[in-house]
Amino acid sequence: MQKRFTVTGLCVPEMHYMVDLSGRVKQIVSEYIEPGMYFTINRARQFGKTTTLFMLEEGMKEDYLVLSLSFEAADDFFSSKQTLAEGLVRVISSNLRRQGVDKSILEEWKEPVSADFPMMDLDEKITNLCQSCDKKIVLMIDEVDKSSDNQLFLAFLGLLRTKYLNRLAGKDTTFWSVILAGVYDIKNLKQKIHPGQESKYNSPWNIAVDFKVDMSFSPNDIASMLRQYEEDWHPGMDIDHISQLLYDYTSGYPFLVSRLCQIMAEDINKDSTEQERKNVWDEKAVQRAVSRILREPNMLFDDMSKKLNDNPGLKEIIYSILFRGEKYVYEAENDRIRIGVMFGFLKVRDGAVAVSNRIFETKLYNLFLSEDQTNTRIFSTADMEKSQFIKGGFLQMDLVLQKFCEYFADIYADADGKFIEENGRRIFLIFLKPIINGKGNYYIEARTRNMKRTDVVIDYRGKQFVLEMKIYRSQEYNRRGEGQLLEYMDYYHLQKGYMLSFNFNKKKQTGVKQIAVGDRAIVEAVV
């Protein structure tokens, strides 16, 4: 069977190119399963939870009896305690039958539960099952946050908690380990299902230990997947370089890594000439794949938009980080920040929060810009005259800055300094977007973004431009900015860099000039 990259459903090693998860599985087994831990795997959407559970089940089945359930389509379970108990008995019966459990054990498990005391019957059934089997039993439930009635689910968690504590006290026999997987942390289920009510955090799942296994893909993880493709198709890619590039854009977010690979292997390869196919797995191809993924509709981006609309406080924080360069210290009790991390939009870095990866960051910029770009005169101007900025298929970056200065002076001549300081960088990105749309993309260098400075890296058809946008403070500050820009030019091996200064000095000289720095040049635009 010919393998493919996939981003839907389950990844199966025999069918799909995928990261080698064997090391991660061994870590989970040794650190969590063998000690008999109860824990949750709550990660963002399409972060590989289901595939990890599948590989974990495969890695445990020799030593454990694994009961693998999903609440993806289990709404009928949660109409009453009776249906919950009977539904669990049915799905666990299928697991037991599939794994060849002794017939007498299976028949006892399938006995009907009491209509009057269904949860007490379920409690007793679990005890008898765990006592009868010669292997320790691990219960895994995927999509736990899809439960339609939170209170009934909490009752089930309470049952598992009581049995776990009684097992520790030597008073009961129960599942050796329990794994619950979903996007939402269990203690947030009440908040998720009943958002209009007061948030409550008295979940009975406080017995669960913290799950600290990193499920994102490292450059080495990505390389393990690319080696499989290289062995099958021999494109002659520089595996280490491409793996690092994919990581730089995605920070190892599993869906994004796999989707970029899928685009290169299928879409770009199909659209390329025979000569171009020899270079499908190079740096330009990665940039083309990034452009495509940012333009396409997919469930991950659709969910991002919906979550931001449902959580306006989180949306405001992300907007402030992106456009104002504000910093937020990570605080687990701050609901808006904690939810952003839980959804995978934010990550914790050096004690503060940042947008998780370059692709998310650019998508979020595009989402925010799209909300007002059609009513913005500078967007309309750039959109109508965008053809002048592309010559021979190449972006004329000098002209982009020159025309931005002209249009900016015309459109925002009467705007006050506070408005420009807060919105200047957003205005430039609105201007840039229609010019490079479809052929190029950009991202913000997060390490340098702050209230005073933002570095933008623009990719257009394989050529990169580095632009520093800053609030002009003084000539000395300006010289330091030039030095920082030169460092970025060194990193990207560029002879020319660009600087856009928003200057509020009434005696300023606006316009564009070129500054020679040794054998290199900086094009500076002042507005």
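Buried here means under 20% relative accessible area, exposed means over 50%, and partly exposed covers what falls in between, with a 1.4 Å probe and protein chains only. Helices (H or I, at least four residues) and strands (E, at least two) are DSSP runs, numbered from the N terminus. The model is a predicted one, so local features need pLDDT of at least 70 and side-chain atom pairs count only at pLDDT 80 or more, while totals for chains, interfaces and linings use all residues. Residues are numbered from 1 along each chain as its sequence is written, and side-chain values rest on heavy atoms, with hydrogens and water left out.

To start with the overall picture, the protein has 527 residues, and 54% of them count as buried. Taken along the principal axes, the C-alpha atoms fill a box of roughly 90 × 55 × 35 Å.

Two of the helices can be looked at end to end, using an expected span of 1.5 Å times one less than the number of residues. Helix H18 runs over residues 397-411, and its 15 residues reach 21 Å from first C-alpha to last, close to the 21 Å expected at 1.5 Å a residue. The buried residues in H18 are Met397, Val400, Leu401, Lys403, Phe404, Cys405, Tyr407 and Phe408. Helix H3 (residues 81-98) has 18 residues and spans 26 Å between its first and last C-alpha, again close to the expected 26 Å. Among the buried residues of H3 are Leu84, Leu88, Val89, Ile92 and Leu96, along with Gln82, Ser93 and Asn95. Just past the end of H3 sits Gly100, with a positive phi of about 70°.

Next come the charge pairs. Side chains of opposite charge can pair when their charged atoms come close. With a salt bridge taken as a side-chain nitrogen of Lys or Arg within 4 Å of a carboxyl oxygen of Asp or Glu, a search of the whole structure turns up 19 of them. One of these joins Lys163 to Asp172, at 2.8 Å from N to O. Both partners are tucked away: Lys163 is buried, with a relative accessible area of 0%, and Asp172 counts as buried at 17%.

Helix H13 (residues 299-310) brings several features together, and Leu300 lies in it. Leu300 is buried, at 4% relative accessible area. Although Leu300 and Arg45 are 255 residues apart in sequence, their C-alpha atoms are 7.0 Å apart in space. Arg45 also turns up in a network of salt bridges that links it with Asp303 and Lys307. Further along, the side chains of Asp310 and Lys306 meet in a salt bridge of 3.0 Å, N to O. Both of these residues lie in H13, four residues apart, which is about one turn of the helix. Asp310 counts as partly exposed, with 48% relative accessibility.

Another salt bridge runs between Lys315 and Glu371, whose closest N and O atoms are 2.8 Å apart. Lys315 lies in helix H14 (residues 312-324) and Glu371 in the loop between helix H16 (358-370) and helix H17 (377-384), so this pair ties together parts that are 56 residues apart in sequence. Glu371 is partly exposed, at 49% relative accessibility.

Patches are made of residues with over 30% relative accessible area and no salt bridge, with like charges joined within 9 Å and nonpolar side chains (Val, Leu, Ile, Met, Phe, Trp, Tyr) within 5 Å. Lys and Arg count as positive and Asp and Glu as negative, leaving out His and the chain ends. Glu107, Glu108, Glu111 and Glu124 form a negative patch. Of these, Glu111 lies in the loop between helix H4 (103-109) and helix H5 (118-132) and is partly exposed, at 47% relative accessible area. A positive patch is made up of Arg288, Arg295, Lys439 and Arg461. Lys439 has its place in the loop between helix H19 (417-436) and strand E9 (440-444), while Arg461 is in the loop between strand E10 (453-460) and strand E11 (463-471).

His493, another residue other than glycine, has a positive phi near 55°. This histidine, His493, lies in the loop between helix H20 (475-491) and strand E12 (496-502) and is exposed, with a relative accessible area of 72%.

How values were computed:
Areas by Shrake-Rupley, 256 points an atom, 1.4 Å probe, with all protein chains shown as cover. Charge placed at Lys NZ, Arg CZ, Asp CG, Glu CD.
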